[in-house]
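Here is a short briefing on one protein structure. Please look at the sequence and the model before reading the points that follow.

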Amino acid sequence: MIPSYVIATVEDDITGHWAEETITKWKQKGLMKGYLDGTFKPDDNITKAEFISIINRIYGYYEKADKNYSDIKDEDWYYDETMIAKANKYMDWYKKEELKPNEEITRQEVHAVLSTIQQQEATEQPEEKMTRAEVVTMLDRIVGELINISGIYGPEKEEKVIEGNLTINTEGVILKNTIINGNLILAAGIKQGDITLENVTVKGKTIV
């Protein structure tokens, strides 16, 4: 079955939108996708399945559970995504057997996922829904700079300063001469590979 969204070719519905710059950046990185009709629908509320798929893509989660949520069918486009979500710790707070994947995710549920990933204590948040534009903007701030391609990063001599967070989700990365004023997130996509840090200072937390 074709996924409910693919890379969009028409982006008229984000032109002039308050989150246009961030959405465009995320689409170019392949982290956020549009719908079959070419739209992005930035002001539509985001579903649990869509949010989970984005989280898996950002952080490179890949391990799958032996059993899926009880309301997921084999033919659902998000079948593998929810299997991955069920297997990984970022959904440990969710104790229900049914996921209700096409239900719009609440701000509290988004916060629970991100708090788990960021190793922060979850707090009560409103039950209001979140739009796709709001989710992209929030994730852009939390993820910070993203390294998802193997290679050497950082200057040869001078030091580079990253004001926010830095997320690495692939193996074979050499990061050098960098000061990270936020957190360094070493994500699941690294798998069993190597990450080399040379003259790297992390002012926040290093999260594995």
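Predicted model: local features only at pLDDT ≥ 70, side-chain atom pairs only at ≥ 80, totals over all residues.

Residues are numbered from 1 along each chain as its sequence is written, and side-chain values use heavy atoms, with hydrogens and water left out.

**Around Thr 106**

- Thr 106 sits in the loop between α3 (79–87) and α4 (107–117); helices (H or I, at least four residues) and strands (E, at least two) are DSSP runs, numbered from the N terminus.
- Apart from neighbours within four places in sequence, Thr 106 is in contact (heavy atoms within 4.5 Å) with Glu 127, Glu 128 and Lys 129.

**Helix α4 against α5**

- Two packed helices are described by the angle between their axes and the distance between the axes.
- The axes of α4 and α5 come within 13 Å and cross at roughly 20 degrees; axes are lines fitted to C-alpha atoms, for helices over the stretch in contact, and angles run from 0 to 180 degrees between N-to-C directions.
- The two helices α4 and α5 are therefore roughly parallel (under 35 degrees; over 145 is roughly antiparallel, 65 to 115 roughly perpendicular and the rest oblique).
- From α4, Arg 107, Val 110 and Leu 114 meet Glu 134, Met 138, Leu 139 and Ile 142 of α5.
- The residues of this contact comprise five nonpolar, no polar and two charged (Ala, Val, Leu, Ile, Met, Phe, Trp, Tyr, Cys and Pro are nonpolar, Asp, Glu, Lys and Arg charged, and the others, Gly among them, polar).

**Helix α2 against α5**

- Helix α2 (residues 48–59) and helix α5 (residues 132–143) have axes that come within 12 Å and cross at roughly 25 degrees.
- That angle makes α2 roughly parallel to α5.
- Residues of α2 that meet α5 include Phe 51, Ile 54 and Ile 58, and their α5 partners include Val 135 and Leu 139.
- This contact of α2 with α5 divides into nine nonpolar, no polar and two charged residues.

**The sheet**

- Four strands form an open sheet in the order β3-β6-β8-β10, with parallel pairing (strands pair if DSSP finds at least two bridges between them).
- The edge strands, β3 (145–147) and β10 (206–207), each pair on one side only.
- Strand β8 (residues 184–186) pairs with β10 over two bridges, and Leu 184 stands opposite Thr 206 in β10.
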